[in-house]
Protein chains: 2
Amino acid sequence: MCEANVYLEIAGHEELFMESVDMIHPETDGRLLIVDIFGDQKIIQGKIKHISLLNHKILLEKTEIG
Amino acid sequence: MCEANVYLEIAGHEELFMESVDMIHPETDGRLLIVDIFGDQKIIQGKIKHISLLNHKILLEKTEIG
């Protein structure tokens, strides 16, 4: 399986935000819809900072609303 | 291997932009640095529109410079 773990960069370190992610869909309002392989969803105001597929890792950072 | 193919949405259809991509790194200037599993790189002014890891597919769209 080729899912990835999504991490959130907070104050210089990386926190696991969601495991086994299949899909990320940036919304037009600056939020990211994230869906794991089980169909569970999370939404976060943020942007993608780095994707490394061979490492199964996607790094996000939070952004300001508006 | 868990690389993905990167497609570019142009005029409503999807064109293959780069195969076997390992890494995507959004730059602060709005460009995306894309690196495949062989280390080859491409840079495009654009943003990520959709990621589907189980489908090995990442969809981009071009954005305006500046």
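Predicted model: local features only at pLDDT ≥ 70, side-chain atom pairs only at ≥ 80, totals over all residues.
Local features are taken at pLDDT of at least 70 and side-chain atom pairs at pLDDT 80 or more, whereas totals for chains, interfaces and linings use all residues. Residues are numbered from 1 along each chain, chains are lettered from A in the order in which they are written, and side-chain values use heavy atoms, without hydrogens and water.

Turning to charge, the whole structure holds eight salt bridges over all chains (a side-chain nitrogen of Lys or Arg within 4 Å of a carboxyl oxygen of Asp or Glu). One of them joins Lys49(A) to Glu9(A), with the closest N and O atoms 2.5 Å apart. Because Lys49(A) lies in strand 4 and Glu9(A) in strand 1 of chain A, the pair ties together parts that are 40 residues apart in sequence (strands are DSSP runs of E, at least two residues, numbered from the N terminus).

Glu3(A), in the segment before strand 1, is buried yet has no salt bridge (buried means under 20% relative accessible area, with a 1.4 Å probe and protein chains only). Lys42(A), the nearest side chain of opposite charge, is 16 Å away (Lys and Arg count as positive, Asp and Glu as negative; His and the chain ends are not counted).

How values were computed
Helix = DSSP H or I, 4+ residues; strand = E, 2+ residues; numbered from the N terminus. Buried < 20%, exposed > 50% of the residue type's maximum accessible area, 1.4 Å probe, protein only.
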